[in-house]
Amino acid sequence: RFAPVTFTSGGTFKLCFCDSSALSTLAPPRTCRSEQDYSIEVGTAHASGVHCLVRDARFRRVACVEQKHGGLRCYDGGSAAPVMVPPRTTHSIRGTSYDLH
């Protein structure tokens with residue numbers, strides 16, 4: 001989905017997001033060009049070989065599942081990873097309701 005994403009070295013990295021629609025309302029309008037524009041923290045990426053992950057106890061007892069666009073999402077605590085289900089929404093057009101998935 002966001003390919004190609006690569007890491008040139010191992011480590012833990014903070015993932016941030018830029019909301020271009022919010023930046024466009026500023027005076028003067030801006031686009032996602034500078035580091036300060038990426039102010040919304042969305043998660044952490046751990047990049048390393050398997051050997052490095054096995055050394056860290058936090059990554060030995062996790063439940064991981066494949067993501068729709070590749071990669072894994074993992075949860076600690078030894079419990080199964082939750083099943084993600086898109087929310088159901090209902091829209092009405094001229095008096096007729098439609099369920100969207």
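**A nonpolar patch and a disulfide in a predicted model**

Colleague: Which residues make the nonpolar surface patch of about 350 Å²?

Modeller: In this predicted model, the patch draws on strand 1 (11-17) and strand 2 (40-47), each of which gives two or more residues. The residues that make the patch are Leu-15, Phe-17, Ile-40 and Val-42.

Colleague: Does Val-42 count as buried or exposed, and what is its relative accessibility?

Modeller: Val-42 is part of strand 2 and belongs to the nonpolar patch. Because the cut-off for exposed is over 50% relative accessible area, Val-42 counts as exposed, with a relative accessibility of 58%.

Colleague: Which parts of the protein chain does the pair Cys-18 and Cys-32 tie together, and how many residues apart in sequence are they?

Modeller: The structure holds 1 disulfide, and it joins Cys-18 to Cys-32 with an S to S distance of 2.0 Å. Cys-18 sits in the loop between strand 1 and helix 1 (20-23), whereas Cys-32 sits in the loop between helix 1 and strand 2, so the parts tied together are apart in sequence by 14 residues.

Colleague: What is the handedness of the link of Cys-18 and Cys-32?

Modeller: Cys-18 is buried at a relative accessible area of 7%, while Cys-32, at 26%, is partly exposed. The angle about the S-S bond is -85 degrees, and the link is left-handed.

Colleague: What pattern of helices and strands does the protein chain follow along the sequence?

Modeller: The protein chain has 2 helices and 6 strands, and 8% of its 101 residues count as buried. Read along the sequence, the pattern is β-α-β-α-β-β-β-β.

Technical notes. Residues numbered from 1 in each chain as written. Predicted model: local features only at pLDDT ≥ 70, side-chain atom pairs only at ≥ 80, totals over all residues. Heavy atoms only, no water. Helix = DSSP H or I, 4+ residues; strand = E, 2+ residues; numbered from the N terminus. Buried < 20%, exposed > 50% of the residue type's maximum accessible area, 1.4 Å probe, protein only. Patch = residues over 30% accessible without salt bridge, like charges linked within 9 Å, V, L, I, M, F, W, Y side chains within 5 Å. Areas by Shrake-Rupley, 256 points an atom, 1.4 Å probe, with all protein chains shown as cover. Salt bridge = Lys/Arg side-chain N within 4 Å of Asp/Glu carboxyl O. Disulfide = S-S within 2.5 Å.
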